[in-house]
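Student: Hey, I've got a structure open and I'd like to talk it through. Can you walk me around it?

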Amino acid sequence: MNFLSVENIAKSYGERVLFTDISFGINAGQKIGFVAKNGTGKTSLLDILSGKDTPNSGTVTYRKNLRTAFLSQEPDLNPGLTVEETIFSSDNPILKIIAAYEKALQNPHDTEAYQKAFDDMDAFNAWDFETLYKQLLFKFKLEDLNKKVKTLSGGQKKRLALTNALLTQPELLIMDEPTNHLDLEMIEWLESFFARENITLFMVTHDRYFLERVCNEIVELDEGKLYSYKGNYSYFLEKRQARIENEATETAKAKQLYKKELDWMRRQPKARTTKSKSRIDDFHEIKSQAYKRRSEHEVQLELNMERLGTKVVEIHGISKAFEEKQLFTKFSYNFLRGERLGIIGKNGTGKSTFLNIITGSLKPDSGKVVIGETVKFGYYTQRGITIKEGQKVIDVIREFGDYIPLKKGRQISAQQLLERFLFDRKKQYDFVEKLSGGERKRLYLCTVLIQNPNFLILDEPTNDLDIVTLNVLENFLMDFPGCVVVVSHDRYFMDKIVDHLFVFSEGGSIDDFPGNYSDYRSYTDSAARNEESSQEPIQKKKNSWKDDSNKVKLSYNEQKEFQKLEKEIVKLESERETLQNKFATEGWDGEEIDKQSRILQQLTDSIEEKTERWFELSAKMEA
């Protein structure tokens, strides 16, 4: 029997149908990523699986005695308890085993009860429970065990709930956006944890790298139907595109048949035979197929924003501390036109503080920030949108602007912008309080963009956005001609948008790394491997791209090598990108995919090797 069986379930709210006759099963060892647009039933399905809601019809059956844990997007925790009390007040079955063992110790003459309690402690490894929960809390930066839940941030509550879920040692773990409020280090630890642990997973997440590295199956809910893809996220993208193209072909055929049948319908007398009535029924089905529409939009805009001058944003020796914690010291930097910067670092290292100083909402302790005369900030913060009672979606965006000017005298109206971010005309006249969390984030993005900024700052823009919306936002930002600064734990998003990184460390330094997040991880991993072989300090290896000590000028041969490396890296990266695109467009069989995958790995290894040498020569050349 499956761990879980879903048979023909349906869910609707009034006239709004989310899905009908959905069936699927979850088996041991599966790690399933569930993908759907916001507002199409993801949360409802998870609520049904967790027992918070019931379907209108159909059944959900769990295997008897299956250990199951649920991680919701907004955990329901007792605010009056401490962090440690929350662990011990959960319905964790291991706690019951420990309690039974302690009771057995008080009655040593009942040898049968003692032996059973002892065996259960062994079977569930309950002896190490205290060590385990403290290790997990430390990993998730919840070291203060006596801190009250009511004083925790939303992210800390999510991490505490995740700790509780993992401590149950579930056979099946169902999660809603598990990576929200985790920094990159925590996310990568969680990836490795799920890779080595024998836990069956069913999760909703917008983190595409997490889906890529953790899942072995993707299930998509699209227009009320389920589609299953037996592979990771890359495989899903490839096969999904093939499915959409096949649907488009079928739709085109249906349109041709529809025209033919429409002509026949118009020529028929009013009296119908049984045979013609059957053909009429078929006609209506053909019509439905022929005029099926997908609601995904690609942004292709030529924005006509105010041009940035030679002076954009100049940062002169800024420092900032809160009480005894120094976030950064005497940091200087000049932004250039069209710059695309990503900011990474652990939670609490000053990323949001840095953005607030740039935009003038917070003053540095020392130093100054000089803003160019033509700079117009668009600042998307984590606070979200302030909702006014009785306000409609279209009214919210029109408070900030009626249109965005495009080149050649064209423009995109507030209504058109909302449509591009997946608010159809009917949805635009809904009350804002009816929107889901993800829809409110989309609306907030639109209020920032409608103001036509030329310096866009996005602080965790991907939280609560579905993958379809992320693609829309990415396409918009790829066309955006101004400066972009992004703080995000979404590595896929960062890789696509930014050209270089500010790396915030707990020591109070900000390092400028020349590349995207994957480049940075490759470099630091390589540095760690070099450290193991040379026994040199890790920190020195990690910072070698910016090390100012013992600078040496390049020799003539080294200068030639440096210039040659730059051209070779560009050429190899172009070849790699071309090959990666072919994976999605070429109809290769399994053997050819394996062959091309090996070629792709060779290209990647060569790029890493040449890039590492480029860094060595670049550090010398800084003199």
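Student: How do strand β10 and β13 pair, and over how many bridges?

Tutor: Strand β10, residues 313-322, pairs with β13 in the antiparallel sense, over five bridges. Keep in mind that this is a predicted model.

Student: OK, which residue stands opposite Val-369 in β13?

Tutor: That's Ile-315.

Student: And what's the strand order in the sheet that has β10 in it?

Tutor: It goes β11-β10-β13, an open sheet of three strands with antiparallel pairing. The edges are β11 (325-334) and β13 (366-371); each has a single partner strand, so one side of each is left without a neighbour in the sheet. On average, neighbouring strands here are turned by 20° against each other, direction ignored.

Student: Which strands does α11 lie across?

Tutor: α11 lies across β10, β11 and β13, and runs at about 130° to β10.

Student: How many bridges join β8 to β9?

Tutor: Five bridges join them; β8 covers residues 217-222, and the two strands run antiparallel. In that region, Glu-220 stands opposite Tyr-227 in β9.

Student: Let's do loops. Where is Thr-349 found?

Tutor: Look in the loop between β12 (340-345) and α11 (351-358).

Student: Buried or exposed?

Tutor: Thr-349 counts as buried, because its relative accessibility is 2% and the cut-off for buried is under 20%.

Student: What's its side chain doing, and what does Thr-349 touch?

Tutor: A polar atom of the Thr-349 side chain lies 2.7 Å from the backbone oxygen of Lys-346. Leaving out residues up to four places away in sequence, Thr-349 touches Leu-327, Phe-504, Ser-505 and Glu-506.

Student: And Thr-381, where does that one sit?

Tutor: Thr-381 is in the loop between β14 (377-380) and α12 (393-398). With 7% relative accessibility, Thr-381 counts as buried. Not counting residues up to four places away in sequence, Thr-381 touches Tyr-444 and Asp-459.

Student: New topic: helix α15. What should it span, and how far apart are its end C-alpha atoms?

Tutor: Helix α15 has 13 residues, 467-479, so at 1.5 Å a residue it should span 18 Å. The end C-alpha atoms are 19 Å apart, which agrees. The expected span takes 1.5 Å times one less than the number of residues.

Student: Which residues of α15 are buried?

Tutor: Here's the list: Ile-467, Val-468, Thr-469, Leu-470, Val-472, Leu-473, Glu-474, Phe-476 and Leu-477.

Student: Last thing, cysteines. How many disulfides does the count come to?

Tutor: Zero disulfides, with the cut-off set at cysteine sulfur atoms within 2.5 Å.

Student: And Cys-446, buried or exposed?

Tutor: Cys-446 counts as buried, because its relative accessibility is 0%. Cys-483 is buried, with a relative accessible area of 1%.

Technical notes
Residues are numbered from 1 along each chain as its sequence is written. This is a predicted model: local features need pLDDT of at least 70, side-chain atom pairs count only at pLDDT 80 or more; totals for chains, interfaces and linings use all residues. Side-chain values use heavy atoms; hydrogens and water are left out. Two strands pair if DSSP finds at least two bridges between them. Helices (H or I, at least four residues) and strands (E, at least two) are DSSP runs, numbered from the N terminus. Buried means under 20% relative accessible area, exposed over 50%, partly exposed in between (1.4 Å probe, protein chains only). A polar contact is a pair of N or O atoms within 3.5 Å; within protein, one must be able to donate a hydrogen and the other to accept it, and residues adjacent in sequence count only if both atoms are side-chain atoms. Contact means heavy atoms within 4.5 Å. Axes are lines fitted to C-alpha atoms, for helices over the stretch in contact, and angles run from 0 to 180 degrees between N-to-C directions.
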